[in-house]
Structures are given as structure tokens and as C-alpha cells.
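Please read the following account alongside the sequence and the model.

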Amino acid sequence: MAATDETRKCAFFVTKRGRNCRMIAAKGSIYCGEHMLVGGDATKIVVTRDDREMERERILCPLDPSHTVYRHLLHKHLKKCNVTKRPTLACYSKNVNSGMADYLFSPEELTPLSTFPASVIDTLIAKVEAAYSEHVLEVKQGIRDHPVLSGEIGDPKYGPSALKHLKQQASILGHLQSMGMLAPRTCFVEFGAGKGKLSDVVQRTFSVSDRCHCILIDRAACRRKAENHHKKMKESASFQRLLIDIEHLHLSKLECLHEGQFDRLVAISKHLCGAATDFGLRCLLSMLQPRTVTVDTGDLSDPNLPQSKRFCQQQPPPQLEAILMALCCHHRCTWPSVLGKGFLEQLGFTPADFHLISHMSSWAVCGVRAEDAEWDHSAEGVVQNCHTHYVPHPKEEIGLKCKRLIDMARVWELRQSGLDARLVYYVDKTVSLENVLLVATVKRLEQKTCDVCV
């Protein structure tokens, strides 16, 4: 039976679910009221009430643009929107890790890569290749495994997608173990935690009676959190989840780090997207500042004591010991957020150059087709399709060089801050094309370092 206007489902495809939206489409539209804006349809909805048809307009919620609301109900909605129910975190500090919060992009930085003249692209590629050959260090092999996941990796019930994640997690665990970081009284901070699978496997390396503490940071809520399994099994594993954007995270203001429970702080992440990596690194570098404690005469038991004074009287946070971040999505990096601008500026790269470099980095993983081997220019010498500029293999190499140049800027900044930083291939590229791990440790004579970082 053909679907009528009253029964037709919304045509919006929900990528995360892998299916179409199951809501009923609004009258006169192929989308439901929630997806009319994102679907590009008209924002007017015809509703029927008391046998009368009325036109209503949907608009984005000003508090959270991820959902929409009727314009005439906006005032009422703002009082009960879920965003207003989220607690204000003491560690929230607006734009503390932004880099350049008030940066204004130039017209060149807002122009698509495909519209630049071929001569401009060629000149920049030559500049990137020269900088790569002279200043980008070799990325060493550092593929590891860990016995905690060896059984699951060898289990035939796991498909390619699950194995891909298990191998990456096992390698990160192997690096943590070789660096001596899987030790008691360690606080692990997982950036871009998602479901928290990486923190979950870290917890599994400890005995039940001697668990570590994991702080999971993500700006979005998700279902099927890994820590719920530990709660269900009534294990002693310690998790703390923070719903906050890394851009606004002031980690040293997190109260649990001032209670004297931890001897070291270790930061981990698996495929933290683009600028979020720079936000995370900038957040961690702030933990390297001199840690002084100002004694105050206030009573900590006094509920009216300001939060700032409470922190002044408590112990300093644990020392940052190591950073392990699997890198990805360099095309999402921007000049105001990227770490290591000094390195790039020394090599003569401008913000407009970086805009092109970050976009060309996607050539390394975009799966360029064999038929994209021909030049295609307009009369003015503008590339009509950026994928037609080079044959597949050179394009992939150029993309990889752009990625490593951005990563080297991050390594340079970490070294300038006193860390021993390196890049390693932590899995084979057949497992993931984004197979580079940023490893950084605090320089200490007694520090045990990973053999690939020497």
C-alpha cells in the first residue's frame, strides 16, 4: 500500500544509525519537523488543530543547535531545554585552550582548495616537500601488543571492524607498559573518550583490588558506555566522565586531582579529531606550569567557602608523565587552533598556506580513484576538481607529507615545553590509514622511556 502524507516516514538519513529517520514526515515536506532545517527543506510546517490548518516555523535552538524548536514556543523551550540542566563544571574556562579565540579568517582561508590556481598549488607543494625533507623526522615503527587483548584479537567471532579497534588499543597498551605507565596510583585522562573503550582496556590491565582512575572527557553524551560494564559487575574500577569541550577544559581545576590520590597523570586518546588534538595538547601543557600552593585560613568544611579558595588549600595536581595520542583528521585543523605555529612560521608558511596544507592532508586517506589522473583546468588556470591535480600515488604521498608537517609542528611545540616527543607507527596501515601515534614523556633521569622513543 502506498504511503500517504500521514504515514510517510522522514527521508533524512541518520548516518550514526545507518538508517532513515523513523519519524512521520511533516505535511507538505519529505522531512519531519526536526530534520527540515538539516535536510535543506522549507522551515514552515502546516499543522492541523481543531480542524484548522496553521503554519508553524521551526528554528534551531539557540542553546543547542543540534535540535530545533517551534519559533512561537521558543520562550517556553528555553526554560526547559536539556542544556540548561547540565551542571556548571569548576574546570570550565571559556576558550582556555583555543589558541587564538578572537582570530578572524582571511578571505583566502575561507576559499575552497579546488578554486585555487594550479600554479599556487604547485608552488606550495614544492615548499611542503622541501620542508618535509629538511625538518620532518623519520617516523619509527612501534607496533605493540598486550596480553590483556591477545585472546580477543585471536577470537574468530570478531570481525574486521572490531579487530581494527582491538589492535589499536593493544598497541597503545603495549606502549604504556613499555614506558612503565601502567602503575598504581596513576590517573589516566582520555580525551575524546566516546564510549570509553580505551579507558576500559586500561582498567583491565590492573588487578581488581588495585584499579587506576580514569577521567573520560567528551563534549557529547553517548550510549553503551564501557564503564557501565564495570559498575554492573560491581568492580572497584574508578571512572569519572566529564561532558565538556576540550577547548574549554581547565584540567588543573578538576577537584579530584587535588586530593593527593595520584602520583602521576597520563593522557591518552585514540583518533582525536583535528583541532581537538591541539586543544588537548594545549590543555596538558598548562599542567607543566610551576605548581605552587597558597595556604588560606578558610575552613574547607564550610559549604560557603569559594571554590577558588578550596583549590588554593588543597594539594597540587599530580605531575604529567606521558602523552599518547593517536592522530587523525588533519584536514579539520585550523591556523588559530594548531599547536606549533612558531615552527611553521620559521619555515615561511602563512595562515593561508596552512589552510591549503590542512586540506591537502586529506589526500592521504581519501581513496583517490585511478581515473583521477588527468589535468582539468579552466581558461583562467583554476583547477576544476582538486582530485584531478595529481595521479593517485603522488597525491597520497603529498597528503602524508602535509600530515607529518602538521604533526612535526606539534612535536616541536612539545619539545619547546621540555617534553621528549616522538611520532611512531603504532599499527600497520592495513589496520588504519591513520596509524601514527604521538608519544611524549617528561624528561627525567629516572624516567623509563619506550625503546622506539630513543
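K195 lies in the loop that runs between β7 (186–191) and α5 (197–204); helices (H or I, at least four residues) and strands (E, at least two) are DSSP runs, numbered from the N terminus. Because its relative accessibility is 39%, K195 counts as partly exposed; buried stands for under 20% relative accessible area, exposed for over 50%, and partly exposed for in between (1.4 Å probe, protein chains only).

This is a predicted model, in which local features need pLDDT of at least 70 and side-chain atom pairs count only at pLDDT 80 or more, while totals for chains, interfaces and linings use all residues. Residues are numbered from 1 along each chain as its sequence is written, and side-chain values use heavy atoms, with hydrogens and water left out.

On the surface, K195 gathers with K16, R17, K197, R223 and R224 in a patch of positive charge.

The protein chain has eleven helices and 13 strands. Of its 454 residues, 44% count as buried.

D407 is found in helix α11 (residues 392–416). D407 counts as buried because its relative accessibility is 1%. Leaving out residues up to four places away in sequence, D407 touches L327, H330, L423 and V436, where contact means heavy atoms within 4.5 Å. Among contacts in the protein chain between residues at least 6 apart in sequence, 68% join residues at least 24 apart.

Notes:
Patch = residues over 30% accessible without salt bridge, like charges linked within 9 Å, V, L, I, M, F, W, Y side chains within 5 Å. Areas by Shrake-Rupley, 256 points an atom, 1.4 Å probe, with all protein chains shown as cover. Salt bridge = Lys/Arg side-chain N within 4 Å of Asp/Glu carboxyl O. Lys, Arg positive; Asp, Glu negative; His and termini not counted. Charge placed at Lys NZ, Arg CZ, Asp CG, Glu CD.
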